Amino acid sequence: LLVKALVVDKEAHDVRLEERPDPQPRPGEALVGVRMAGICGTDLELAQGYLDFGGVIGHEFVGRVEACDSAPEWVGRRVVAELNCACGECATCRRGLALHCERRTVLGIQGRDGALAERLAVPVANLHEVPAAVGDEHAVFTEPLAAALEVLEQVHVCPSHEVLLLGDGRIAQLVAQVLLLTGCELTACGRHEAKLALMRRRGARTVLAEELPERRFDVVVEATGRPDGPAQAVAHCRARGTVVLKTTVHGSAGVPAVPVVVDEITVVGSRCGPFQAALRLLEGGAIEVTQLISGIYPLPRAREAFAYARGREVLKVLVDAVHDGV
Ligand SMILES: [Zn+2]
Ligand SMILES: [Zn+2]
């Protein structure tokens with residue numbers, strides 16, 4: 001049996017659709033039929049050679065468990081899955097930091113095939129059942145929303161804080177909504193008026209990048225996806241304030257040490273976050289994701305979806321792996 005899958009084409013610095021052998025789940029893994037998958041900034045970077053990944057791309061998805069020998073109670077359930085697959089045995093895992101496992105594989109990013117395919121194999125330990133009230137088009141946002149929530153898991157943002165968010169893209173949109181849940185005074189700074197307008201509708205103040213005033217903030221979250229983002233974040237953080245770095249960028253210019261030391265700024269790196277909280281927020285409607293969907297493509301046109309996702313005005317592009325209509 002062959003399945004359609006979108007793989008990184010290393011030579012072309014692009015992606016291509018392939019027919020591949022059906023994934024074979026190992027002990028402790030489930031075979032999941034993908035329903036819908038999302039394309040994020042990391043995927044766009046991977047396609048261009050980031051991390052030298054060469055497998056099936058995609059790590060944001062919702063699917064249905066088709067087979068699971070080790071835990072048959074999962075079969076038939078609609079699920080999302082965490083992307084980091086831990087070994088469970090290394091020193092880091094034994095300290096309870098499975099997300100940072102030294103020998104981890106990561107769905108669609110490192111050493112393991114991902115979700116822009118008809119099926120994939122996922123460790124049962126990574127699965128979360130999706131509440132019936134959360135449709136596929138919303139459930140596919142669980143992973144990036146969890147990543148946005150990680151900011152609040154790490155930093156205590158108070159209602160009285162003045163917070164600056166740098167960036168207006170896919171992840172920044174979710175970070176903005178999450179930060180607004182705290183009641184803080186949020187200023188979002190970006191380069192796309194239509195994207196900033198979405199944030200304004202949720203209650204953020206917005207400013208175009210070239211008009212960002214000199215002032216400093218209690219907390220600055222950097223989600224620009226640009227190499228100069230970290231330095232800009234530090235420049236706008238007050239003494240004893242906190243900078244949260246949310247994006248991984250190829251060739252980042254890095255964090256300037258002198259202002260961090262002199263102003264005693266806390267710099268926090270932030271990656272993956274709590275899936276259950278993300279599912280609760282999607283179920284309760286506290287986070288609005290419909291407006292972030294720029295387009296939905298059937299799996300056979302996934303390469304086209306990828307090209308579209310690179311567009312300047314585009315936010316989330318989804319790939320529908322169930323309805324193969326062209
Ligand atoms: Zn992602
Ligand atoms: Zn480990």
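Colleague: What makes Asp 113 and Arg 20 a salt bridge?
Modeller: Bear in mind that this is a predicted model. In it, the closest N and O atoms of Asp 113 and Arg 20 are 3.4 Å apart. A salt bridge needs a side-chain nitrogen of Lys or Arg within 4 Å of a carboxyl oxygen of Asp or Glu, so this pair counts as one.

Colleague: Nice. How do you know that the pair links distant parts of the chain?
Modeller: Asp 113 lies in the loop between strand 7 (105-106) and strand 8 (119-123), while Arg 20 belongs to strand 2, and the two are 93 residues apart.

Colleague: And why does Asp 113 count as partly exposed?
Modeller: Its relative accessibility is 36%. Buried would be under 20% and exposed over 50%, so Asp 113 falls in between and is partly exposed. Arg 20 gets that label too because its value is 22%.

Colleague: Which residue forms a salt bridge with Asp 14?
Modeller: That would be Arg 303, with 2.8 Å between the closest N and O atoms. Asp 14 sits in strand 2 (residues 14-21) and Arg 303 in helix 10 (residues 302-309), so the partners are 289 residues apart and the bridge links distant parts of the chain. Asp 14, at 23%, counts as partly exposed, as does Arg 303 at 45%.

Colleague: What about Glu 304: which residue is its salt-bridge partner?
Modeller: Glu 304 pairs with Arg 301, and their closest N and O atoms are 2.8 Å apart. Glu 304 is partly exposed at 41%, and so is Arg 301 at 28%. Elsewhere, bridges with shared partners join Asp 9, Arg 16, Glu 18, Arg 20 and Asp 113 into one network. The search of the whole structure finds 24 salt bridges.

Colleague: On to the helices. At what angle do the axes of helix 4 and helix 5 cross?
Modeller: Roughly 50°, with the axes of helix 4 (residues 142-154) and helix 5 (residues 170-180) coming within 9 Å. Roughly parallel would need under 35 degrees and roughly perpendicular 65 to 115, so helix 4 is oblique to helix 5.

Colleague: Is the crossing left-handed or right-handed?
Modeller: Helix 4 passes helix 5 in a right-handed crossing. Residues making the contact include Leu 145, Ala 148 and Leu 152 of helix 4, and Ile 171, Leu 174 and Val 178 of helix 5.

Notes. Residues numbered from 1 in each chain as written. Chains lettered and ligands numbered in written order. Predicted model: local features only at pLDDT ≥ 70, side-chain atom pairs only at ≥ 80, totals over all residues. Heavy atoms only, no water. Helix = DSSP H or I, 4+ residues; strand = E, 2+ residues; numbered from the N terminus. Buried < 20%, exposed > 50% of the residue type's maximum accessible area, 1.4 Å probe, protein only. Axes fitted to C-alpha atoms, helices over the stretch in contact; angles between N-to-C directions. Parallel < 35°, antiparallel > 145°, perpendicular 65-115°, else oblique. Left-handed = near helix turned anticlockwise from the far one by under 90°. Contact = heavy atoms within 4.5 Å.
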